[in-house]
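Some notes on this model follow, for reading alongside the sequence and coordinates. Please check each point against the structure.

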Amino acid sequence: MKRETLIIILALLVLVTIGLIVFLIFQFKGEKSSVEEGVLDDQENTLDNCESNIYNCGDFETQEQAQEMFDLCFEETNEDVHGLDHDDDGVVCESLD
């Protein structure tokens, strides 16, 4: 009797552990990086935003947000589409630091 009870408890623990692992996998599977989900509240950082000069440093809350947009567009176009890097050193909107 004790052995059967122990086996049932172990089986339940294994099932709970598997369920927790599956839950965590699905919980975090849909998360994206800040570039993928957009660092701006009202705009997503997408390649569509790299087609023309639509941003300036004042459109970003932090230097990091501006840098992400610059890096995304520079990787695709090989140019500073938005003119965020005024001194051509690869660091944009330094006044936001």
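To what number does the count of aromatic pairs come by the ring-centre rule? It comes to two, where rings of Phe, Tyr and Trp (its six-membered ring) pair if their centres lie within 6.5 Å, with planes under 30 degrees apart counted as stacked, over 60 as edge-to-face and the rest as tilted.

1. Basis. This is a predicted model, in which local features need pLDDT of at least 70 and side-chain atom pairs count only at pLDDT 80 or more, while totals for chains, interfaces and linings use all residues. Residues are numbered from 1 along each chain as its sequence is written, and side-chain values use heavy atoms, with hydrogens and water left out.

2. Aromatic pairs. The Y55 and F60 rings have a centre separation of 5.5 Å and an angle of 55° between their planes, so this pair is tilted. Both residues are buried (under 20% relative accessible area; exposed is over 50%, partly exposed in between; 1.4 Å probe, protein chains only). The pair of F70 and F74 is stacked, at 5.4 Å centre to centre with 25° between the planes.

3. Helix α3. F70 and F74 both belong to helix α3 (residues 63–77) and sit four residues apart, about one turn of the helix. F70 is buried at 8% relative accessible area, whereas F74, at 34%, is partly exposed. Q65 is also found in helix α3 and counts as buried, with 14% relative accessibility. The Q65 side chain reaches the backbone nitrogen of E61 at 2.9 Å, a polar contact being a pair of N or O atoms within 3.5 Å; within protein, one must be able to donate a hydrogen and the other to accept it, and residues adjacent in sequence count only if both atoms are side-chain atoms.

4. Overall. The protein has three helices and zero strands (DSSP runs, numbered from the N terminus: H or I of at least four residues for helices, E of at least two for strands). Of its 97 residues, 24% are buried. Among contacts (heavy atoms within 4.5 Å) between residues at least 6 apart in sequence, 53% join residues at least 24 apart.

5. Confidence. Mean pLDDT (the predictor's confidence in each residue, from 0 to 100) is 82, and 79% of residues reach 70 or more. Where pLDDT is low, predicted coordinates should not be read in detail.
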